[in-house]
Amino acid sequence: MRTAGLNAVKTAVGLAALLGSVHSARAQDPVRAPDPKNGAVIIAQGIGTGVPACAQCHAFNGESDGSGAFPRLAGQSAVYLAKQLRDFASGIRNSAVMTQLARSMSTEQIADVAAYYANMNAPFPPLKPLDPTLIMRGKQLARVGSTSDQTPSCNACHGPDGAGEPPDIPYLAGQYSPYIALNLQMWQRGFRKNSPESMAAVASRLSPGDIQAVSAFYQQVRDSLAASVPSEGH
Ligand code: HEC
Ligand code: HEC
């Protein structure tokens with residue numbers, strides 16, 4: 001099933017994947033260039049019985065759905081997406097849904113789906129009515145941080161209004177607020193252990209009200225150049 005001329009290492013990795021034992025492969029880089037077309041097939045159909053179609057929860061275009069239970073993946077960097085799938089597989093990031101699923105994917109399959117979603121440009125579902133006071137508080141944290149407890153501004157790392165600093169730092173602009181809030185709580189409680197220096201430290205400084213505010217702020221940023229927030233104050 002593979003092209004001729006593979007060296008011994010590549011053959012061993014291919015065999016491991018065929019046998020369903022991809023642990024040796026996972027720590028390594030993919031042995032071929034990412035194939036977004038294969039990613040599209042996995043996203044639409046899943047893989048065998050172990051991996052359901054990603055589109056069930058994240059949609060084919062990575063928009064996910066307005067419930068906010070599933071993160072938006074469209075346009076997120078391929079490096080970041082692939083790292084998260086490997087982190088689910090290794091257990092450094094925990095999820096009842098994603099852990100098992102990521103463990104059933106090879107390094108190549110992970111790279112393929114990541115490449116596909118990274119290239120997507122999906123619309124945003126309509127927003128529910130916003131609470132302007134909450135948005136203003138979130139905007140303050142996002143842009144300025146909080147001097148009282150030395151919380152850095154989120155944008156210092158996540159880019160202008162959370163546009164992202166690819167490849168390593170994800171966008172928050174337009175991400176679903178329940179998902180952002182859940183992940184900040186996951187860092188606080190130690191269920192998401194990737195990014196111990198940056199995100200675990202930042203999350204530990206946020207109160208429940210801060211989390212609610214900053215998550216609500218980022219969800220409604222749909223164009224970081226024209227953030228649709230009230231312009232009084234900051
Ligand atoms: C049954 C629903 C479901 C399916 C199917 C599913 N996911 Fe997820 N996915 C989730 C949930 C829920 C989360 C959030 C987990 C968390 O943060 O606790 C998530 C998180 C992710 C993340 C992390 C995104 C980020 O911003 O950090 C990636 C990447 C991802 N999924 C990719 C995939 C891919 C690729 C597939 C298909 C192979 C897939 N998912 C299938 C529900 C699903
Ligand atoms: C010092 C840099 C830094 C600062 C400041 C920072 N972040 Fe992050 N953030 C990161 C990095 C790096 C990641 C990616 C971690 C990983 O690889 O999983 C991240 C990831 C995240 C994620 C996960 C997104 C996803 O798709 O799963 C959320 C949510 C988040 N940050 C929210 C915030 C908020 C809110 C603030 C401000 C209160 C903030 N961050 C400040 C560096 C930072």
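## Ligand shells and helix packing

Three helices, α9 (155-158), α10 (177-189) and α11 (196-204), each supply at least two residues of the shell around ligand 2. The model is predicted. Around ligand 2 stand 23 residues. Of these, Cys154, Cys157, Asn194, Ser195 and Ser198 come nearest. Nonpolar residues account for 15 of the shell around ligand 2. A further 6 residues in this shell are polar, and 2 are charged.

The angle between α10 and α11 is about 95°, and their axes lie 8 Å apart. This angle makes α10 roughly perpendicular to α11, because values from 65 to 115 degrees fall in that class. On the α10 side, the contact is formed by Leu184, Trp187 and Gln188. Their partners in α11 are Met199, Ala200, Ala203 and Ser204. The contact of α10 with α11 has 5 nonpolar and 2 polar residues. No charged residue takes part in this contact.

Ser195, one of the residues nearest ligand 2, is placed in the loop between α10 and α11. The phi angle of Ser195 is positive, near 60°, in a residue other than glycine. Ser195 has 17 C-beta neighbours inside 10 Å and so counts as partly exposed. Burial would require 20 or more. The loop between α9 and α10 contains Pro167. The peptide bond that leads from Pro166 to Pro167 is cis, with omega near 10°. Most residues other than glycine have a negative phi, and most peptide bonds are trans. Against that background, the backbone at Ser195 stands out by its positive phi, and the bond from Pro166 to Pro167 by its cis form.

Ligand 1 has its own shell, of 22 residues. The closest are Cys54, Cys57, Pro71, Ser95 and Val113. Helices α4, α5 and α6 each contribute at least two residues to the shell around ligand 1. By class, 16 residues of this shell are nonpolar and 6 are polar. The shell around ligand 1 has no charged residues, whereas the shell around ligand 2 has 2.

Ala59 sits in the loop between α4 (55-58) and α5 (78-90). The phi of Ala59 is about 65°, although Ala59 is not a glycine. With 19 C-beta neighbours inside 10 Å, Ala59 counts as partly exposed. Gln100 belongs to helix α6, which spans residues 98-103. Gln100 has 13 C-beta neighbours inside 10 Å and therefore also counts as partly exposed. Exposed residues have 12 or fewer. Gln100 and Gly50 are 50 residues apart along the chain, and their C-alpha atoms are separated by 8.3 Å.

In α3, the residues in contact are Pro36, Asn38, Gly39, Ala40, Ile42 and Ile43. In α7, they are Gln109, Asp112, Val113, Ala115 and Tyr116. The contact of α3 with α7 has 7 nonpolar, 3 polar and 1 charged residues. Val113 of α7 takes part in this contact, and Val113 is also among the residues closest to ligand 1.

The overall fold is built from helices. The protein has 12 helices and 0 strands. From the N terminus on, the elements run α-α-α-α-α-α-α-α-α-α-α-α. Buried residues make up 34% of the 234 residues. Among contacts with a separation of 6 or more, 64% join residues 24 or more positions apart.

The mean pLDDT of the protein is 87, and 82% of the residues reach 70 or more. Over residues 1-26 the pLDDT is below 50. Beyond near neighbours in sequence, this stretch has 19 contacts in the model. Residues 225-234 also have a pLDDT below 50. Here the model shows 15 contacts beyond near neighbours in sequence.

How values were computed
Residues numbered from 1 in each chain as written. Chains lettered and ligands numbered in written order. Predicted model: local features only at pLDDT ≥ 70, side-chain atom pairs only at ≥ 80, totals over all residues. Near = placed C-beta within 6 Å. Helix = DSSP H or I, 4+ residues; strand = E, 2+ residues; numbered from the N terminus. Nonpolar A, V, L, I, M, F, W, Y, C, P; charged D, E, K, R; others polar. Axes fitted to C-alpha atoms, helices over the stretch in contact; angles between N-to-C directions. Parallel < 35°, antiparallel > 145°, perpendicular 65-115°, else oblique. Contact = placed C-beta atoms within 7 Å. pLDDT = per-residue confidence, 0-100.
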